[in-house]
Amino acid sequence: MYRTQSGEEIFIIDGHTHNWNAAKDNIANIHGQQFIDCFYGYHSVLSPKDQVWPKEKFDNYGAEQMYRDLFVDGPDDMAIVQSTYLTDFYKTGFNTIERNSEIKALAPDRVIVNGAFDPRDGEAGLDALEEMASKYKLKGVKLYTAEWRGDSRGYKLTDPMAYKYLEKAEKLGIKNIHIHKGPTIIPLDKDAFDVADVDHVATDFQNLNFIVEHCGLPRLDDFCWIAVQETNVYGGLAVALPFIHSRRDYFTNVISELLFWLGEDKLLFGSDYGIWTPKWLVEQFMAFELPDEVKQAKGVDLTLQAKKKILGLNAARLYDIDIEAQKQKIAAGAREKVHA
Amino acid sequence: MSLNGIGREAEVRRALDRVTDPELDEPVTDLRFIDRLAIEGDTVSIGFRLPTYWCAANFAFLMADDMRREVAALPWVGHVEVTLGEHMYAAKINHGLAHGLSFQDTFGNEASAELNELRRTFLVKAFQRRQEALLRYMLKHSAQQGADGGPAPARTAEALVSMTLPALKTLPLDHDGNQIRSRYLDRRHICAAPGEPLAFVDAHGEPIAADSLHGYLQALGRVTINTEFNGALCRGLLAARFNEDGEPSLADFARMPARTA
C-alpha cells in the first residue's frame, strides 16, 4: 500500500515481475550468460545508484528476497508474476511457472502467477496449456515472440498455430495476453520489435486483452497508432518507467504521448522486478507531475486519479480483482507492513 | 597530405566519424564503438564492439559495411579489415565481411530485410529527427534573436514552411543553432529532391502546410522518442558492459533542444 501525504491509500498492483534463476549452475551456454548480463546492464544503467544490487544477488535473488522487495520494503499490494522459459539458455528454464509459484506460496493472496505458451510447441503444447491453466487457474499468459527455439528465431502472433493457442486461451478463460514487445533481446533484425501482429490478433480476438509490455518501445509511434484503434490493447509501463529517475524529460515525453494516444485507462504499472524494485519507482511516479507546458501542448494530465488507475485500478479490472475484499485479506495476513 | 602514421590514423578516424549508428544517428566514434585501429602499409584493421551481445545483426553489418566503404575511399588505402568483437553473430558477420558477402548471403534464410532498404529507412528517421530539432529551435529562438538587436526573421509557421534553402543557409544563428542547422543540412538531401527550393519538406519531399506544422512536429517527436530510448540504453549498456565511467552524461541528450512543444 502506498499512502499519500494527505493519508489517501493507493492500492498497488505490480503488473510485471519475475522470480528468475540465472545462477551459474543453471546457465546452459554463453547465451544464457549474456542474457542475464544484459538485464544487469539495464538494472545498473537506470536504477538510482543506491539501488544497484551486486551481480550475485541479481542472478538469483530467490522468493524470500522478492517477497521483501515487493511487499515489505516495497509498496506492492499485489504482483503479477510472468513466466519466461528460455530453455535453450537455462538448464531448468529462466523463470518457469513452477519457480514463480514459490513466491505465490509465500503470499497466496497477493500473487497472481501467469503462464506462458509457445505456438512452436504444436498440438502437444495445447494440451500442456490446458493442464497448466487448470493447475494454476490461469488468468493470463506472457508471450515472448522473439524467443529462440532450435533454429527458429521467433514467431509472429499471426502464425496459424498462434491463432490456435489464442483460441484455446479464450476457451480456458485466459483473457490477459501479455506480449513482450520492447527492447527485446535476441533480434536478428529490428523486425523482432514489430508490433503490427498485435493489431491483427487484437481485432480478431475481441474478448482477449493484449497488454503490450514496454509499450513497444522503441516502436512507440507504431504502438500508439495500433493501441488507439484497438479497444483491447493496453500498454505496460515496465522499462519506460525507470527513465523517470535519470531521464525525467524523456519520461515526460513518453508518458504524455501514452496519455494522449491510449489514455489513463489503458496503462499498467510494472516494475519488471528483479530488473528494478517497485519502491523507488512508485515513489518517484507519485511525486511526478507533468509540466504545465506539456499539459497544454498535448492536452493531457497525470492526475492523482490517473496515477491510481495506472498503479492498480486498471490491472484490477483486467484481472477481476475486488480491491476492498483484497485489502481485507491482506490486512488479515501476518506479514503485512503498511508502506508510508 | 601527411603520409606519416599519425597523419594516416587521423585520416582514418575522420573517415570513421562519417559512419553513424543508423538507429542512434550518432558517429560510431563518438559512441565509442571503435576499440582497435591498426595501420600497416596500405592495410587498415578496424575492430569494433557494440553495447550488447544481442545488438541487431543487420545494424552491426551495416555499420561495418559503412566503415569499410569510408576508409577504403582514402587514396592510400589498399585493403580494409573490419572485425566485430563479443557479439552473438561475431563469427558469422566477420566471415561475411572478410569474404565481401552481402548481409543476405551471410545470413541466408535468417535475414528478412534488404540492407539497402534498412539503410534508407533509418536515414529518413535521421532526417526527421534533425529537422524536428531545427524547426523547434527556430520557433523557440526567434523572439530572443530580435531582442538582441540582430535580424529578427519572423519565425511563424507560415514563414518557416515557406523559407527557401538559401535563406536558411544564410540565417544568423548562435553556436547551438548553427550546429543543429548543419546537422539538418547534412541529411536534407535524403528527402528533398535535387533543386528543391524550400528549406523544409516532409519525408516524401512534399511541402509542409503551415496550419499542420504543430501536428507535424508532434509526429516527428515520436520518431525522436524512439531514438532517444535506444540512445539512452545503448550508451548506458556499453558503459556497463565494458566497465567504463558510469552513466551517460547530459551532453548525450543535449542534441535535442529542450522541448517547449
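Residues are numbered from 1 along each chain as its sequence is written, and chains are lettered from A and ligands numbered from 1 in the order in which they are written. The model being predicted, local features need pLDDT of at least 70 and side-chain atom pairs count only at pLDDT 80 or more, whereas totals for chains, interfaces and linings use all residues; side-chain values use heavy atoms, with hydrogens and water left out.

Chain B contains nine helices and five strands. Helices (H or I, at least four residues) and strands (E, at least two) are DSSP runs, numbered from the N terminus. Along the sequence their order is α-β-β-β-β-α-β-α-α-α-α-α-α-α. Of the 261 residues of chain B, 55% are buried, where buried means under 20% relative accessible area, exposed over 50%, and partly exposed in between (1.4 Å probe, protein chains only). Among contacts in chain B with a separation of 6 or more, 66% involve residues 24 or more positions apart; contact means heavy atoms within 4.5 Å.

Chain B is divided into domain 1 (5–113) and domain 2 (117–230), with bounds from an automatic or database domain assignment. The C-alpha centres of the two domains of chain B lie 30 Å apart. At their boundary, 12 residues of domain 1 are in contact with 10 residues of domain 2. Together the two domains bury about 1100 Å², 50% of it on carbon and sulfur atoms; buried area is the accessible area (1.4 Å probe) that two parts lose on being put together, summed over both. Of the area that domain 1 of chain B buries against domain 2 of chain B, 47% is supplied by B:Glu23, B:Asp25 and B:Leu62, more than by any other three residues.

B:Asp25 also stands out in its backbone, with a positive phi of about 55° although it is not a glycine. B:Asp25 sits in the loop between β1 (20–21) and β2 (26–27) of chain B and is buried, at a relative accessible area of 3%. Most residues other than glycine have a negative phi, and most peptide bonds are trans.

The largest nonpolar core holds 153 residues, of which A:Phe210, A:Leu258, B:Ile46, B:Met67 and B:Val71 touch the most other members. Helix α2 (residues 57–72) of chain B gives this core its largest share, nine residues. Domain 1 and domain 2 of chain B each contribute at least three residues to the core. A nonpolar core is a set of buried Ala, Val, Leu, Ile, Met, Phe, Trp, Tyr and Cys residues joined through side-chain atoms within 4.5 Å. Not counting residues up to four places away in sequence, B:Met67 touches B:Leu16, B:Val19, B:Val28, B:Ile34, B:Ile46, B:Phe48 and B:Val82.

A:Glu130 touches A:Lys168 and A:Leu172, not counting residues up to four places away in sequence. Just after α5, A:Lys137 takes a positive phi of about 50°.

Helix α7 (residues 196–204) of chain A has A:Asp197, A:Val198, A:Val201 and A:Ala202 buried. These residues cover an arc of only 130° around the axis, which puts them on the same side of α7. They pack against α6, β8 (176–180), β9 (209–213) and β10 (233–236) of chain A.

The loop between β11 (267–268) and α11 (278–287) of chain A contains A:Gly274, and the peptide bond from A:Tyr273 to A:Gly274 is cis, with omega near -5°. A:Asp272 lies in the loop between β11 and α11 of chain A; its phi is near 65°, a positive value in a residue other than glycine. At 3% relative accessibility, A:Asp272 counts as buried.

Terms used: The arc is that of the directions from the helix axis to the C-beta atoms.
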